[in-house]
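Subject: Structure handover

Hello,

Here is the structure I promised to pass on. Please open it and keep it beside you as you read.

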Amino acid sequence: MASTKTVQNTHISDQLRKLHGALLDIVGIMNRPQRDEFLIEAAGIRLDRALFPLLVGVERFGPIGVVELADRVGRDYTTVSRQVAKLESLGLAERKPGADRRVREAVITPKGKAMTDLVDAARDRIGRGIFESWDARDIDELVRLMRKFADDFTNLPADPSAEA
C-alpha cells in the first residue's frame, strides 16, 4: 500500500506542473507585443511599444537602476539605458542619484505618472471584463494566493544549492 506521503508528494508535483503551465500561459500572453499595443490603444496614449514596459516598470518599481530594470524586462542593460534616456527626453521619467551615488535611478515624472494612470484605468476595464462572471470571494482568494506565491517565490535564494 502506498504511503500517504507518496500520494501527497505526487499530488503536489502534479499541481506544480499545472501551476507552471498556467503561469507560462499567462506570461506568454502578457509578453506578446500585441498585448502592449492593445493596452496602449485602450489607454489612449501615444508611446513606442518598446518603451511601454519600461515606463510601467519605472512607475511600479522606481526608483530603479537600469540594471535591475533590464533584468525585470529581460533586455540588455545598454538597450534599456538608451530607452530610459528616451523616456527622459519625452518627460516621462528622470534619472536621479540613488542611495549608492555611483548608481543613477530612474523615477517617474508627473507626466509619466499621468500616462501610467491611463494605462491602469484601461487595465482595470479589461480586468473587470475578465472577472465579471467570478464571485468576489474567488477574486479575493486569487489575489491573496498570488501575492503569497509571488512573495515566497521572490524570497527564494538565487542559487537553491547554496541553502544546503
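Below is what turned up in it, taken topic by topic. Keep in mind that this is a predicted model.

Start with the empty space. A probe the size of a water molecule, rolled over the atoms, shows where such space is left. Here the largest pocket holds about 2600 Å³. Its lining counts 39 residues, and those closest to the centre are I26, V27, M30, R123 and M146.

Which helices build this lining? At least two residues each come from α1 (4-30), α2 (33-43), α3 (52-61), α4 (66-73), α6 (110-131) and α7 (136-154). The top contributor is α1, which gives 9 residues. By type, the lining of the largest pocket has 26 nonpolar, 8 charged and 5 polar residues.

The core

In soluble globular proteins, nonpolar side chains tend to be buried together. In this model, the largest nonpolar core has 24 residues. Look for I45, L47, F52, L69, V80 and L87, as they have the most contacts inside this core. Five helices are named as suppliers of at least two residues each: α2, α3, α4, α5 (77-89) and α6. The most comes from α3, with 5 residues.

The aromatic rings

A pair of rings is described by two values: the distance of the centres and the angle of the planes. The structure holds 2 aromatic pairs. One of them joins F131 and W134. Their centres lie 4.8 Å apart, and the planes stand at 90 degrees. That makes the pair edge-to-face, because over 60 degrees is the cut-off for that label.

Are these two residues buried, exposed or in between? F131 has 28% relative accessibility, so F131 counts as partly exposed. W134, at 38%, is also partly exposed.

R72 lies over the face of F61, at 3.6 Å from the ring centre.

Now find D71, in helix α4. Why does D71 count as exposed? Its relative accessibility is 61%, and exposed means over 50%. How far is D71 from F131? The two are 60 residues apart along the chain, and 31 Å separates their C-alpha atoms.

That is the tour. Please work through it with the model on screen.

Best wishes

Conventions
Residues numbered from 1 in each chain as written. Predicted model: local features only at pLDDT ≥ 70, side-chain atom pairs only at ≥ 80, totals over all residues. Heavy atoms only, no water. Phe/Tyr/Trp six-rings, centres within 6.5 Å; stacked < 30°, edge-to-face > 60°. Buried < 20%, exposed > 50% of the residue type's maximum accessible area, 1.4 Å probe, protein only. Lys NZ or Arg CZ within 6 Å of the ring centre and 35° of its normal. 1 Å grid on protein atoms, 1.4 Å probe; cavity = no way out; pocket = protein on both sides within 12 Å on 5 of 7 lines; lining within 4 Å. Points joined across faces, edges and corners; volume = space filled by probe spheres on them. Helix = DSSP H or I, 4+ residues; strand = E, 2+ residues; numbered from the N terminus. Nonpolar A, V, L, I, M, F, W, Y, C, P; charged D, E, K, R; others polar. Core = buried A, V, L, I, M, F, W, Y, C linked by side-chain atoms within 4.5 Å.
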